[in-house]
Amino acid sequence: PSLEIGDEIKVDLAGETYIYVVQYSKVVDPKDLSVLAPISPGSKNLTLMTCVPPGSSSKRLVVISSLI
């Protein structure tokens, strides 16, 4: 929940480093799967999800970021 628009997320995978920048975040119902759909054709996004509030499963915080 501490990520803000413009923050960078670094992902190390298979010897490569990828840097994403946070575009936006939103809170959704657990059954809302629309957040898993691609943002736009050909886009390279990273979607992070967690339960909110912490320790509860009533809502999901979704953070969308784009590869830079």
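Visitor: Which residue of β2 stands opposite Leu 13?
Guide: Glu 16 stands opposite Leu 13. Next along, Asp 12 stands opposite Thr 17 in β2.

Visitor: What kind of model is this, and how are residues numbered?
Guide: The model is predicted, with local features needing pLDDT of at least 70 and side-chain atom pairs pLDDT 80 or more, while totals for chains, interfaces and linings use all residues. Residues are numbered from 1 along each chain as its sequence is written, and side-chain values use heavy atoms, leaving out hydrogens and water.

Visitor: What makes β1 and β2 a pair?
Guide: Two strands pair if DSSP finds at least two bridges between them. β1 and β2 have 6 bridges, in the antiparallel sense. That count meets the cut-off, so they are a pair.

Visitor: How many residues lie between β1 and β2 in their hairpin?
Guide: 2 residues lie between them. Ala 14 sits in that turn.

Visitor: What is phi of Ala 14?
Guide: Phi is near 50°, a positive value in a residue other than glycine. Most residues other than glycine have a negative phi, and most peptide bonds are trans.

Visitor: Is Ala 14 buried or exposed?
Guide: Exposed means over 50% relative accessible area, buried under 20%, and partly exposed in between, with a 1.4 Å probe and protein chains only. Ala 14 has 78%. Ala 14 is over the cut-off, so it is called exposed.

Visitor: Which peptide bond is cis?
Guide: The one joining Val 52 and Pro 53, where omega is about -15°. Pro 53 lies in the loop between β3 (45-52) and β4 (59-67).

Visitor: What joins β3 and β4?
Guide: 8 bridges in the antiparallel sense. One of the facing pairs is Cys 51 with Arg 60 in β4. β3 and β4 form a hairpin with 6 residues between them. In that turn, Gly 55 has a positive phi of about 85°.

Visitor: How many bridges join β2 to β4?
Guide: 8 bridges, and the two strands run antiparallel. Ser 25 has Val 63 of β4 as its bridge partner.

Visitor: In what order do the 4 strands form the sheet?
Guide: The order is β1-β2-β4-β3, an open sheet with antiparallel pairing. Strands of a sheet pair through backbone hydrogen bonds, either parallel or antiparallel.

Visitor: Which are the edge strands?
Guide: β1 and β3, since each pairs on one side only. Neighbouring strands are turned by 35° against each other on average, direction ignored.

Visitor: How many helices does the chain have?
Guide: The chain has 0 helices and 4 strands. From the N terminus on, the elements run β-β-β-β.

Visitor: Why is Ser 65 called buried?
Guide: Its relative accessible area is 0%, so it falls under the buried limit. Ser 65 is found in strand β4.

Visitor: What does Ser 65 touch?
Guide: Contact means heavy atoms within 4.5 Å. Not counting residues up to four places away in sequence, Ser 65 touches residues including Ile 9, Tyr 20, Val 21 and Leu 46.

Visitor: How do you know that Val 21 is buried?
Guide: Val 21 has a relative accessible area of 17%. That is under the limit, so the term applies. Val 21 belongs to strand β2.

Visitor: How many of the residues in the chain are buried?
Guide: Buried residues make up 21% of the 68.

Visitor: What share of the contacts in the chain with a separation of 6 or more joins residues 24 or more positions apart?
Guide: The share is 49%.

Visitor: What box do the C-alpha atoms fill?
Guide: Roughly 35 × 25 × 25 Å, taken along the principal axes.

How values were computed
Axes fitted to C-alpha atoms, helices over the stretch in contact; angles between N-to-C directions.
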